[in-house]
Each structure stands twice: as C-alpha cells, then as structure tokens.
Amino acid sequence: MSDLRYLFFIGCTIPYRVTNYEVSARKTFAKLGIELVEMSDFNCCGLPVDPASHEMMMVLAARNLCLAEQQGLDIITLCTGCAGTLRKVNRALKEEKELRNRVNEYLSKVGMEFKGTIEAKHFIHVLKEDVGFDRIKDSIRKPLAGLKVAEHCGCHLLRPTKIFGWDDPENPEVLKGLIELTGAECLDYMDEPECCGYTIIAIDDKVALQLTREKLQHIKMAGAQAMVTVCPSCHLMFDMQQSRIERAFNEKFELPVLHFPQLLGLAMGLGPDELALGDLRVSPSKILEALKIV
Amino acid sequence: MADKPEMPKMNAETLKLDPSFKYEVMKEHDGETLKVCFQCGSCTSSCPTARFSTSYRPRTILRMAQLGLRRKVLESQTLWLCTACFTCTDRCPQNVEVANVLRVLRNLAVKKGQIPGIFTELASNIYATGYVYKIPEMRLRKRAELGLPPLPKANLDGVDKLIELAGGRKLLKSAEVR
Ligand code: SF4
Ligand code: SF4
C-alpha cells in the first residue's frame, strides 16, 4: 500500500464538463505514485449554495467529510472550491464545539457523526507537502525549456489567510514553484491573485467577464504564451469563455489555458492525446509547436 | 457596459431604521464582527467586483446594516455580486469577517424570500441528484469511452434528509420536493 493514498473527491463541475482535467490528473498522479481511492458515494461539496444557505453548505460538506472518515483516508481534490470548502468546514467543525454539536445532531438522523479524523487537501498541497518537489523533479523527462506561462491559483486556496495560510495571497508562490519544476518559466503579472469571476457569472455576466478579461489582458501584457490553472471553474472562465470575451470586447487573446497536470504531463513526456489537450477550447498548438511536441 | 443597480424603491418604509437588525446579523455564524467596522473603506477598494460594478460597495452595505436599513440591504440585488474571494476579509484592519458578514446578509435575504433563481436551480439539482449540475447521460458515456471510472450515485436518502434538516427546503423548486 502506498503512503500517498487519498480518497478522490471529483466534485460536480469536472464530470459535468471538464473531463480533460480529470484525465490528465489521473495520468500524472499515477506517475508520481499517488494512489486515488474512488468514492462510492459523495455529494456536492456545498459551496455553490453557500450564498443562499450557509447551513445547507455546511451539512453537505460535513456529509462528505464523514464519508472520508469512514474510509479513514484524507481527501484529495482537483477543484479549489471543493478543497477550500471541505477544508474550511472541517476546521470549523473541529474547532467550534457548538457548531459541531448542531451539525452532528443533523448527521445523527442519517446515521453519521463528524469525528474530525481526516484532512481535505487540494492536489497542489499534496504535491508540495506529501509528494515533495524532489520526487516531481525526478519524474521530468522533457523539460519545457523556453516556455513562458502565467499562473492563476484561485481564491479558495489563498483566502482567508487565517484559514489557509499556506501561501502568500498577495504573492502566491506554491503553484509557481510547481510550474518551474517542469522547466517552464512562470511570469509575474499585475493583480496576479485576483478572482476569475466564476461565482457571479450567473448573477451578472458583465461584471464577471470583465474580471476575467482584465486577467487575460494582464497575462498577455506580461508576455506569457499560456496560462495554468488548478480549478475547473477558473478554467471555464479563462478557456471556455475566452472566445465570448473576445467577441464582447472586440479584443484578441488566443491564450491557451492548461490545467496544471497537463503542463506537468507534457514535461513528463506524456503525449498531447494522453493528456486530452484536444479538449481545450483555445488550441494549444502554438505552444506545442514551439516545444517541438507536434 | 455599466450594470444597472436594481435598488429597492426608496420610500419611507425602505428607509426606516431598525436598530435590532444588527443584532440579527451578529448572532449568525461569523456575523459578530459587523459591530467593529469603522468604515475605512479598505474592503471596497480591495474588492474586484466593486471595480467593475457601479453599485456594489461592501463598505456601504456594512454601514447600512449597522444602521439598521433592513429592507434597503436585504432587497438590494447588488448584495448578490460578491464573488466570495475574501480579499476584503484579508485586508480589513479591524478584522471584520467582511465576506462572511456579507454572506450572512444574503442568507437573511433568502429567509425573507429574496432568492435569485440560480440558487433555487442549484439547490434543486443537489436535492434531485446529489450534484449541483444535472449531468447528462452523454457525459457519463463519454467517461466510459475515456476509460474513466463511473461516477458514483449519491445516497439521496441521506443528502435530502440533511438538506431538509438544515432548512434548505425553501430553496427548492416545489416540483423537486418529495
Ligand atoms: S475594511 Fe473593515 S473596517 Fe474598513 S470599511 Fe471594510 S469592513 Fe469596515
Ligand atoms: S469577498 Fe466579496 S466583497 Fe469581499 S472583496 Fe471579494 S467580491 Fe468583494
């Protein structure tokens, strides 16, 4: 049994429309010796309904945490929203007795109890803290030398600092460090930690898309050839919505947006098909040519 | 592309101050810190939404809540423009849980029946399937083609019971309630 064994919380958005992220994550994790245990039951992490009902978010998150406790495994996710929510609720339930009692009262009605025995982690936490940079470095076969990218880490892994505190939200470094292991250069850009806008796109798409657009502008200005994300929702904004933004603002970006496991996979020597690069809306062909991969 | 703020009509009723309102906010989970906001504006100047919205200003919303402008706060559509990025919370010099206080206000708006349709939709999806989106059969077949393991089915007895216990029933489309 591997020491890198986690319960894989896939969430809703990835199976709904970002399967290329899952494909590339599974391939690269296997190469790093990360063992993913499939969940036989789970539900939405709860985050999408938090604005309307914090209580509902809390029970949904707590149920997932209980399922992981029953398996005795820490949770790994690919989504910053799921990771942030499960981490936050896990911590609140561990620390706030009154809250735990109330939530456990609900859980007892469905035969569950929150005990506080596991952790929930986003995979970049796992890569940094559990796998370690050395092991990742050893897995690199084709360093992506000469490639310039920009990172977008996502709010839910950074703030509030009081809860996360594992990266500097004004100058995030963890994802940057991981990107640099692939041999690519990770550029700084203006307002780097700013939000992608996803959470309000259904409320006011104009405001949301302006947030996304501004990030794309700053990244282009910095001279990046591609962008790297670690969240399906952020990715939808930058990749899926990119052509809509180009039309709405009469502006061209043509900026490929890779899920970090896709970038890592290329550096491991995996092929574009194995990493489902063909599913990206903005074609990465230019960077693949520059890297002499196709 | 300026967005139109949809403020509730200003009449004597909307502008009535209700001093008990702040206590209602403060007794909710993470709502306590409303009382220590001293109106410096760091939250608004840090807020990504405020940069592009002509009406969304977290500092103003907090002040209105402190003063007890209950209806003006709860009926305002702009309340829903927060992305929950928590930049305001990180930068508040008074350690106000800004983003959480704003979430408490949205939750209270829901209790008063002000629910943007999207949340009814999302909550109903979770109640019906366990997931926030109704994932089409086609996607599930594509998973198999890609060699991905099948998506598990959530145990809905447990999920739905918990949603009801947490008071989530009012968020659901009536058709979904069994
Ligand atoms: S930053 Fe804090 S103290 Fe300043 S206005 Fe906002 S909530 Fe109030
Ligand atoms: S959490 Fe909401 S109010 Fe605070 S900075 Fe982000 S969008 Fe603005």
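Me: Which conventions apply here?

Reply: Residues are numbered from 1 along each chain as its sequence is written, and chains are lettered from A and ligands numbered from 1 in the order in which they are written. The model is predicted, local features need pLDDT of at least 70, side-chain atom pairs count only at pLDDT 80 or more, totals for chains, interfaces and linings use all residues, and side-chain values use heavy atoms, with hydrogens and water left out.

Me: In what order do the four strands of the open sheet in chain A lie, and is the pairing parallel or antiparallel?

Reply: Strands of a sheet pair through backbone hydrogen bonds, either parallel or antiparallel. In chain A the order is β6-β5-β7-β8, with parallel pairing. Strands are DSSP runs (E, at least two residues; helices are H or I, at least four), numbered from the N terminus, and two strands pair if DSSP finds at least two bridges between them. The edge strands of chain A are β6 (185–187) and β8 (257–259), each pairing on one side only.

Me: How many bridges join β7 to β8 in chain A?

Reply: Three bridges join them; A:Thr229 has A:His259 in β8(A) as its bridge partner.

Me: Which residues of helix α6 of chain A are buried?

Reply: Buried means under 20% relative accessible area, exposed over 50%, partly exposed in between (1.4 Å probe, protein chains only). In α6 (residues 123–131) of chain A, the buried residues are A:Phe123, A:Ile124, A:His125, A:Val126, A:Leu127 and A:Val131. A:Gly132, with a positive phi near 90°, follows α6(A).
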